[in-house]
Each structure stands twice: as C-alpha cells, then as structure tokens.
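Please keep the sequence and the model in view while reading.

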Amino acid sequence: MLMIANAIILFVLAGAFLTAGMGRRTERYWHSWSAGNVALGIALLFFMAGPQLPHLVVTIVPNLLLVIGFGLRWRAAREFGGRPAPKLHVIVPGALFLALCLSPWFFGSYRAAFTIVNAMLCIQAVLIAREFWRDRGDGLPSRYGLILAYGVVGLSFGARAVQGLFFGAGMPLLAPDDFRLQIHLAMALFHTTASGAFALSIAYERSARELLQTAMSDDLTGLPNRRAFVARLRALIDAPEQPRFAVALFDIDHFKRINDEHGHGGGDEALRACASIFARRLPEGAFVARIGGEEFGVLLPNASPAESRRAADQLRQSIKDAVISYDGRRMPLTVSAGICHSEGAPRAFDAIMRAADARLYDAKDAGRDRVTFEAA
C-alpha cells in the first residue's frame, strides 16, 4: 500500500508541476520536476509488477528509472537556483549505473544492484539538498523543508545501501518485504509529499517576493519607489526605540530645461545618473528612493543633524562633479535638497514630509544647488 501511495502522489505532483509551469518558458525547472516524478512513479510500477517480469528487466529498468528520476530532480534544483543544468546531470548517473550493471558482481545476485542503486540515490539526494542549501541566503522558508525532505530520503537510501553491502548475502531477486522496506517506504512517502509540497511552496514564495519587489521599485532607475520610501519612513517613525533620523528630499535643478535641450531620453539619462550616484555615495545604512518625477528621497537613520547635513551636501557635490553625457553632449547636473531632522518635534509622517519639502523649496528659491536644513 505504501508503494502504491508513493506512486499516486508522484503522478499527481507531476501533473501539478506541469500545470504550474504552463506559460512560464523561463521556469524550466517545472518540466524537470515533472519528468523526474514521472520517472520515479513508473519505477515504482515496475517494482510492483516485479514477480511477473523477467529477471533482467526487474534488475535494471526500475533502478535505472530511479537514478534518472533523481537526476532530473537534481537538474531542476540547479535550474531553480539559476545555475547551469546540462542534460549530463541526468545522463551521467544513468550511464554510470548501466556501466556498473555490466560487472560480473552485478549479475551474481540482486544484492549488487540493490547496493549500487541505493548508494547512488543517497549521493543524488545529498547533492539536491546541497543545491537548496547553497541559496539559503534568500530567506525563503520552504527551502529548509526541501533540505529536510531530501536529507531524510538520503539517509534512508544510505541505510539501504549499508544493508545491501553488509547484510545482503542471499538477497532474493526483489528486496524482502520486511520491516526495513516498510520503514523505507514510509520515509519515501514523507519525502514524496514534502518535496512536492515544498517545491510548489518555494516557487510561490519567490514569485510573491518578486512581485513585491516590482511593486516597490522604480522601473526607470531601479531604485525603490515612493511606496517603499513611505513604508520605510513610517517604520522609522513607529519604531519602539524611537531612533533619530533625517529625511532629505532632493530635486534635480532645471529638469524641464534638460528635457527641452536633450529630449526625454536625456531626462531619463539624468534620472538614471543621479540614481546611480545616490546608490554609490549613500552613507552606510541610508536608504534612497525615487519618489516622483525628478525628486528623490533619502532616509538617514541614526544620523545627528550635523551628520545628515554633511551627508546630503556630499551627495549634492557628487552629482555636481559627475561627468554625465547623453547623445555625445555633456549634461551638467545639479540638485537642491531640503532636510528635516526628527529631533525636537512630534514624530508625524505628514509634518516631517511637509518640513523637508518646505526646505527643498527654500533651497530652490535661494538659487538652487544647495542644501537647507530644519529640525522637525
């Protein structure tokens, strides 16, 4: 019954992977996961039909399908991680198993095939778990479920290989249907269910994160957008420890003139150039976003009034000193900035933004290319 349950789940998940991958040509791992499950499911069908099949078929075909199935899963794990995943990840393990099948020891008893295939599957499971472990820095929770699922089945395959190597003397054509097999099938059932569920889950988690990043970023400059800026500022305002911080609003001077002289392509290049300079020159821990038009917002956590004024002026000077060209013509840029510091007043989002915006207009009115400051 456990073998039947494993086979059913493998085929159901193969269909789920194919459905999930429909219309997603860049996400090739869906097809590899699906094909791997189909290979594993067919292998189990061969094992269940074992008594009615020739000796050579039972010895080679289902075991080869197991190796191919885990090879396809290894390939899928590498594809999911964005690493090269040539067909050799499937072909080489399968060819190695077939080559070992030619050894005289192999034909001597089923014990050889049993030991070899379980050792190979153990190694493959460990390699798959390693692929998911390598990218753990992305913080996707389902990654650890996949590592556990492949770790458990890897241990089970390893135990089976040890059984064949040291305790397999006189093993019949098919491994005995004893408590060891039942434990292995129970662990395989856990693996089949968990690896499939967490594979779907991790793909969903990554898609959700990518959608959130898209919603919080500016297409033109690659910087966070106004929504991200507002969320970050509100988090600073509402933080229980009440940290001090400064908000600096930067505006490109005479931006309309830039568009008139260089076209909208020149204006876009000016925005990208400023975004690049901000990203490179920001103090550690600071945050910058394009919050609209030619305006950028900078958050300076844990900065004193003097430090925030100095940081803003350094950013202003960096943009002024930059050599920026578009369509073969130099495009001098300057920015004006207004700063509001959180010290000395109630911490209210609207009040802080109004104060920073007012200081920005003071800088514009005073001749541009300067920074003006106000404590909140």
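By class, how many nonpolar, polar and charged residues does the lining of the largest pocket have? The lining has 23 nonpolar, 7 polar and 3 charged residues. Nonpolar here covers Ala, Val, Leu, Ile, Met, Phe, Trp, Tyr, Cys and Pro; Asp, Glu, Lys and Arg are charged; the others, Gly among them, are polar.

This is a predicted model, in which local features need pLDDT of at least 70 and side-chain atom pairs count only at pLDDT 80 or more, while totals for chains, interfaces and linings use all residues. Residues are numbered from 1 along each chain as its sequence is written, and side-chain values use heavy atoms, with hydrogens and water left out.

**Pockets and cavity**

Rolling a probe the size of a water molecule over the atoms shows where empty space is left. The search runs on a 1 Å grid over the protein atoms alone. A cavity is a set of points where a 1.4 Å probe fits but cannot get out. A pocket is an open set with protein on both sides within 12 Å along at least five of seven lines. Lining residues have an atom within 4 Å of a point. Grid points are joined across faces, edges and corners, and a volume is the space filled by probe spheres set on the points.

The largest pocket holds about 660 Å³ of space. It is lined by 33 residues, and M3, L44, F47, L181 and L185 are the closest to its centre. Helix 1, helix 2, helix 3 (55-80), helix 6 (110-134), helix 7 and helix 8 each supply at least two lining residues. Helix 8 gives the most, with 7 residues. Helices (H or I, at least four residues) and strands (E, at least two) are DSSP runs, numbered from the N terminus.

The second largest pocket has a volume of about 150 Å³. Its lining is W74, V92, P93, L96, I116, A119, M120, I123, Q124 and L127. Helix 4 (88-101) and helix 6 are the elements that give two or more of these residues. Helix 6 has the largest share, 6 residues. By class, the lining divides into 9 nonpolar, 1 polar and no charged residues.

The structure holds 1 cavity of 30 Å³ or more. The largest cavity has a volume of about 30 Å³. L13, F17, W33, N37, R73, Y150, S195, G196 and A199 line it. Two or more of these come from each of helix 1 (2-20), helix 2 (29-48) and helix 8 (179-215). Helix 8 provides the largest share, 3 residues. The lining divides into 5 nonpolar, 3 polar and 1 charged.

**A helix pair**

How do helix 9 and helix 12 pack, and at what angle? Helix 9 (residues 226-238) meets helix 12 (residues 349-365) at about 120 degrees, with the axes 10 Å apart. Axes are lines fitted to C-alpha atoms, for helices over the stretch in contact, and angles run from 0 to 180 degrees between N-to-C directions. From helix 9, the contact uses R226, F229, V230, L233, R234 and I237; from helix 12, F349, I352 and M353. Contact means heavy atoms within 4.5 Å. By class, this contact has 7 nonpolar, no polar and 2 charged residues.

**Single residues**

Exposure is given as relative accessible area: buried is under 20%, exposed over 50%, partly exposed in between (1.4 Å probe, protein chains only).

| Residue | Relative accessible area | Class |
|---|---|---|
| Y144 | 42% | partly exposed |
| E284 | 85% | exposed |
| D327 | 69% | exposed |
| R368 | 29% | partly exposed |

Y144 sits in helix 7 (residues 142-167). Leaving out residues up to four places away in sequence, Y144 touches W133 and R136. Its C-alpha atom is 28 Å from that of G23, 121 residues apart along the chain.

E284 lies in the loop between helix 10 (255-281) and strand 2 (287-292). E284 and L300 are 16 residues apart in sequence, and their C-alpha atoms are 9.0 Å apart.

Most residues other than glycine have a negative phi. D327 has a positive phi, near 55 degrees. This residue is in the loop between strand 4 (325-326) and strand 5 (329-330). R368 also has a positive phi, about 70 degrees, although it is not a glycine. Its place is the loop between helix 12 and strand 7 (371-375).
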